[in-house]
Amino acid sequence: MTLTDSTSGTLQDAAVVPPGLPSAGFPSAGLPSAGLPSRGRAVRRAPVDTRTAVPVLDVTIPVFNEERDLEECLRRLHGHLQDTFPHSFRITVADNASTDGTLKIAERLAREFPEVAVVHLDEKGRGNALRKVWLASPSPVLAYMDVDLSTDLAALPPLLAPLISGHSDLAIGTRLTRNSRVVRGPKREFISRSYNLMLHSFMGARFSDAQCGFKAIRADVAQQILPYTVDTSWFFDTELLVLAERCGLRVHEVPVDWTDDPDSSVDVVRTALADVRGMARLTRDLVYGRIPVPELRAALARGPLPASSRADEQTPGSSLFGQLVRFAAIGAASTLAYLLIFLFCRGFVDPQLANFLALLITAVANTGANRRFTFGIQGGNPVRHHFEGLIVFGIGLLLTSGALALVHRTTTPDRWAEVLTVVAANLAATAVRFLLFRLWVFRDKAPGTTAAPGANDASSEPRTDATDATDATDATDENATATTSTETAAS
């Protein structure tokens with residue numbers, strides 16, 4: 001990554017290496033072991049010092065071959081910030097290996113406007129550009145927006161105000177709430193809503209719009225979680241938001257007016273497929289512990305509010321639909337594992353013992369997976385949950401063993417008849433297991449339990465706020481921001 005001098009427009013030779021990352025660049029495989037501060041939880045962040053010598057705000061514009069739109073974007077954004085933003089700012093053009101005249105246009109405008117800087121990267125990818133520029137920026141508030149400025153800039157002050165005041169940690173524009181006004185084709189609308197529904201159902205996400213190119217983050221938070229993001233392209237936004245929610249951060253949502261760019265070069269279908277692959281990769285990273293979520297939560301999560309002690313606010317999970325979808329996915333994997341173990345054990349033991357071993361092994365794994373992903377529970381007392389899960393396992397064992405005994409009493413079944421019998425009985429046991437999990441095992445959290453983003457537990461879940469209007473001049477007044485905020489849900 002090289003910087004362009006804002007006065008001469010010439011490229012400097014010095015490479016800028018983001019803090020905590022190796023000089024060779026961010027690895028595509030494996031995650032860094034960034035040091036985490038050991039500090040206690042705070043109910044709120046301190047307001048940003050707006051009297052700092054460095055620009056308070058750094059807005060990044062990632063570009064690749066955007067010579068047609070770049071100049072209009074920079075002039076419009078620069079004028080808007082000069083007129084409406086009461087603090088110092090910088091606009092950073094992150095050129096991602098453009099092959100047209102984009103870099104020259106950016107350098108020319110950087111010579112014209114002292115607030116414009118240019119960074120040239122040899123690698124393509126929005127995620128790669130944002131991660132490197134944000135980690136190297138000295139500004140306390142970091143933002144980015146797409147070069148086509150599809151989002152109305154009137155949403156910028158309410159996007160930034162809660163970060164400056166300390167009310168929130170991240171802020172995102174959303175096109176998927178009732179207060180948003182969006183102009184785009186049905187194809188993009190369907191893909192966008194389907195993708196966000198998948199995020200809510202399979203990953204327990206609560207933010208309403210992952211891919212709107214209009215986001216901001218506090219730099220102190222970014223320094224801690226960006227090293228654990230690995231995507232270099234469009235999935236970076238989702239990865240950052242999911243990680244933020246898992247770490248107990250507050251995500252502020254702003255309904256935006258958004259007009260689709262009909263000349264956009266983004267391949268929507270290809271990007272959506274890449275996002276689905278990113279979801280699978282991120283899920284593996286979280287399941288196998290390659291991202292130290294508990295340590296990040298301990299360092300970054302906001303503390304519980306006094307109201308969290310009220311019993312009526314301690315709900316054990318997200319919506320019933322989301323729980324059913326995640327439970328079904330885990331149940332399908334458990335049933336497949338059960339079938340394989342049963343067939344393996346059946347080769348050398350009788351069917352009842354094979355059923356017992358297969359059900360015991362999968363029941364323990366199933367309880368752990370549902371505890372973590374379906375009902376969003378981390379920490380607490382897993383021993384108690386697994387003990388109660390074994391009681392539920394006993395009920396499933398009675399159902400499957402009874403079915404096997406019944407089929408052997410009425411006929412002499414072959415191996416596949418046994419398999420069909422235990423699978424059918426196991427499906428019935430699965431329905432019973434879900435009811436018992438929801439109504440008994442995971443209904444009450446043990447003291448000290450923290451919930452994942454799929455949960456609504458007010459003691460640990462980051463709140464997602466939407467603000468219709470916030471005066472930028474009151475950015476340091478948390479009360480002004482808080483009174484104009486209302487909690488949003490996915491539209």
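Start by selecting helix α4, residues 156-165: ten of its ten residues are buried, so the helix is largely enclosed by the rest of the structure. Here buried means under 20% relative accessible area, exposed over 50%, and partly exposed in between (1.4 Å probe, protein chains only). Helices (H or I, at least four residues) and strands (E, at least two) are DSSP runs, numbered from the N terminus.

This is a predicted model: local features need pLDDT of at least 70, side-chain atom pairs count only at pLDDT 80 or more, and totals for chains, interfaces and linings use all residues. Residues are numbered from 1 along each chain as its sequence is written, and side-chain values use heavy atoms, with hydrogens and water left out.

**Stop 1: around α4**

Stay on the helix. Its buried residues include Leu156, Leu159, Leu160, Leu163 and Ile164. Pro157, Pro158 and Pro162 are also among them. Now step to glycine 166, which follows α4. Its phi is positive, near 90°.

Go back to leucine 149, in the loop between β6 (141-145) and α4. Its phi is also positive, near 50°, in a residue other than glycine. Most residues other than glycine have a negative phi. Leucine 149 is buried, with a relative accessible area of 8%.

**Stop 2: two loops**

Select alanine 97. Where does alanine 97 lie? Its place is the loop between β4 (89-96) and α2 (102-112). Alanine 97 has a positive phi of about 60°, although it is not a glycine. Its relative accessible area is 19%, so alanine 97 counts as buried.

Next, pick glutamate 66, in the loop between β3 (57-63) and α1 (70-84). Is glutamate 66 buried or exposed? It is buried, at 18% relative accessible area. Glutamate 66 and leucine 103 are 37 residues apart in sequence. In space they are 9.1 Å apart, C-alpha to C-alpha.

**Stop 3: salt bridges**

Side chains of opposite charge can pair when their charged atoms come close. A salt bridge here is a side-chain nitrogen of Lys or Arg within 4 Å of a carboxyl oxygen of Asp or Glu. How many salt bridges does the structure hold? There are 20.

Show arginine 281 first. Its side chain meets that of glutamate 239 in a salt bridge (2.8 Å, N to O). This pair links distant parts of the chain: glutamate 239 is in helix α7 (residues 236-246), arginine 281 is in helix α8 (residues 268-287), and they are 42 residues apart. Both glutamate 239 and arginine 281 are buried. For arginine 281, the relative accessible area is 16%.

Aspartate 285 and arginine 281 are four residues apart in helix α8, so about one helical turn separates them. Aspartate 285 is buried, at 5% relative accessibility.

Move to aspartate 49 and arginine 51. Their side chains meet in a salt bridge (3.6 Å, N to O). Aspartate 49 is partly exposed, at 44% relative accessibility. Arginine 51 is exposed, at 76%.

Then select Glu71, Arg75, Arg108 and Glu112 together. A network of salt bridges links these residues.

**Stop 4: the largest cavity**

A cavity is a set of points, on a 1 Å grid over the protein atoms alone, where a 1.4 Å probe fits but cannot get out; lining residues have an atom within 4 Å of a point. Grid points are joined across faces, edges and corners, and a volume is the space filled by probe spheres set on the points. The structure holds four cavities of 30 Å³ or more. The largest has about 60 Å³ of space.

Select some of its lining: Gly331, Tyr338, Leu359, Asn366, Asn426 and Arg433 are among the residues there. α10 (320-346), α11 (351-374) and α13 are the elements that give two or more residues to this lining.

**Stop 5: a nonpolar patch**

Finish with Phe387, Ile391, Leu435, Leu439 and Trp440, which make a nonpolar surface patch of about 530 Å². Patches are made of residues with over 30% relative accessible area and no salt bridge: like charges are joined within 9 Å, nonpolar side chains (Val, Leu, Ile, Met, Phe, Trp, Tyr) within 5 Å. Accessible areas come from the Shrake-Rupley method with a 1.4 Å probe; for residues, only the protein chains shown count as cover.

Colour α12 (382-410) and α13 (415-441): each supplies at least two residues of the patch. Which helix gives the most? α13 does, with three residues. Tryptophan 440 is in α13. Tryptophan 440 is partly exposed, with a relative accessible area of 38%.

Definitions and conventions: 1 Å grid on protein atoms, 1.4 Å probe; cavity = no way out; pocket = protein on both sides within 12 Å on 5 of 7 lines; lining within 4 Å.
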